[in-house]
Amino acid sequence: MLVLNHKLILLAFLVLALFLTAADSVNAKKQCRAKHHHKQHHKHASSSTSSSAPKSTPQNEAASPSGSSSSSSSSSSSGSTSGSSSSGSSSSSSSSSGSSSGSSSSSSSSSSSSGSTISISGFTPPKGKAGVAGGNSLKWISKSLGWYYDWTPNPNNPNGDDILAVPMLWGLGRVNHDDDWARFEAFKKLKPGSAPFVMGFNEPDFSGSGSSGVISTSDAAAAWEQYLAPHKQAGAKLISPSMAMQKDETWLAPFLKAIKTQPDIIAVHIFQDNMDGVKGVLDHFAQYGKPMWITEFACINYQGPSPVYCDQNKVDSMLNQMVQLFESDSRVAAYSVSDANNGPYGDLTPNQAGQTLSATGKSYLASVQQASQRRRRRGLVPVRR
């Protein structure tokens, strides 16, 4: 009887250990999808260990932006002081069963600014430009989107619908830093050719939480060739690392010169509280001469001594204006609003719980659906009588 009791006790401990392990795994996945609370980046210059860029050669495919330095210690401010106009969208959502945002992948036209010609033909997700960074809101908005990602190698869409899921190599596997190690190990198992688009590192020009940590351009280039290049060789289009410092970044040009396998698309993060600031960031990254994916954007300005938050009315207005701009800008092939905690009105679902849409989530959905309706109206051909 004593032996039986000992076995029951051991069995109980084993079941408890398995339960705790499963709970930790679920919590880690939730943290990956929600990213991180209040990102303290973009505020001050970040000291990077990036190597100096070699001189440009005819073999270099990357176009270095004018005035860009190979040093990554940029000044902190870039946002324009011009205020955003208040032609805001309604924050009430249209029906969540709205139509898909529609394909614009066949569009190809010259850029309206910086004098360059950038073709986005073939670089837009099949179901349209609009997307979301993070998966908490997909239950309500996925039918109106063309794509999404959640900062992991295996994006999790609980709806099981067929919008494009884009995997990401987030960082280089640092231990005890935002699940970096787990994501790095998972990416190494991702089969080349299994995804049509693959993203590079998340903000390797900044060391704060929510970013992959400062990675030197030499280390990033070596990892890019080892882990990302095989995906391009298998037919995927590669999306460059994203920059925390926005138009003040100086990391990307030397990185592009250090790699042989060039990205097909430039990833852009935009955290601004006025439209002049938004356009300034776009113009900076357009100088690289490639289609742009806006992989995170929100109404908040991280570039001063402390973040400048937007109230709900300004969030609604800025989301509406940014969606209209990204849809009409011939240099932008895709965009995804950030569902990280970018200020008190940044979440698309209250407290990132995924239980219902917040006012901001409804506003983004309404803006995307309005853009889709405008696109369909433009496509109508009058019937001659």
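Student: How many nonpolar, polar and charged residues make up the lining of the second largest cavity?
Tutor: The model is predicted: local features need pLDDT of at least 70, side-chain atom pairs count only at pLDDT 80 or more, and totals for chains, interfaces and linings use all residues. Residues are numbered from 1 along each chain as its sequence is written, and side-chain values use heavy atoms, leaving out hydrogens and water. With Asp, Glu, Lys and Arg counted as charged, the lining of the second largest cavity divides into seven nonpolar, six polar and no charged residues.

Student: What is the volume of the second largest cavity, and which residues are closest to its centre?
Tutor: A cavity is a set of points on a 1 Å grid where a 1.4 Å probe fits but cannot get out, and its lining residues have an atom within 4 Å of a point. The second largest cavity has a volume of about 40 Å³. It is lined by 13 residues, and those closest to its centre are Met168, Met199, Ser240, Ser242 and Ala267.

Student: Which elements give two or more residues to the lining of the largest cavity?
Tutor: About 90 Å³ of space lies in the largest cavity. Its lining has 15 residues, with Ala298, Cys299, Asn342, Tyr345 and Gly346 closest to the centre. By class, ten are nonpolar, five are polar and none is charged. Among DSSP runs (helices of at least four residues, strands of at least two), the elements in question are strand E7 (292-301), helix H7 (312-328) and strand E9 (332-338).

Student: Is Ser338 buried or exposed?
Tutor: Ser338 lies in strand E9, where seven of seven residues are buried. Buried means under 20% relative accessible area and exposed over 50%, with a 1.4 Å probe. At a relative accessible area of 1%, Ser338 is therefore buried.

Student: With which side chain does the side chain of Ser338 make a polar contact?
Tutor: Ser338 touches (heavy atoms within 4.5 Å) Ala133, Phe271, Glu296, Phe297 and Gly346, not counting residues up to four places away in sequence. A polar contact pairs N or O atoms within 3.5 Å, one able to donate a hydrogen and the other to accept it. At 3.4 Å, the partner side chain is that of Glu296.

Note on methods. On a 1 Å grid over the protein atoms alone, a cavity is a set of points where a 1.4 Å probe fits but cannot get out, and a pocket is an open set with protein on both sides within 12 Å along at least five of seven lines; lining residues have an atom within 4 Å of a point. Grid points are joined across faces, edges and corners, and a volume is the space filled by probe spheres set on the points.
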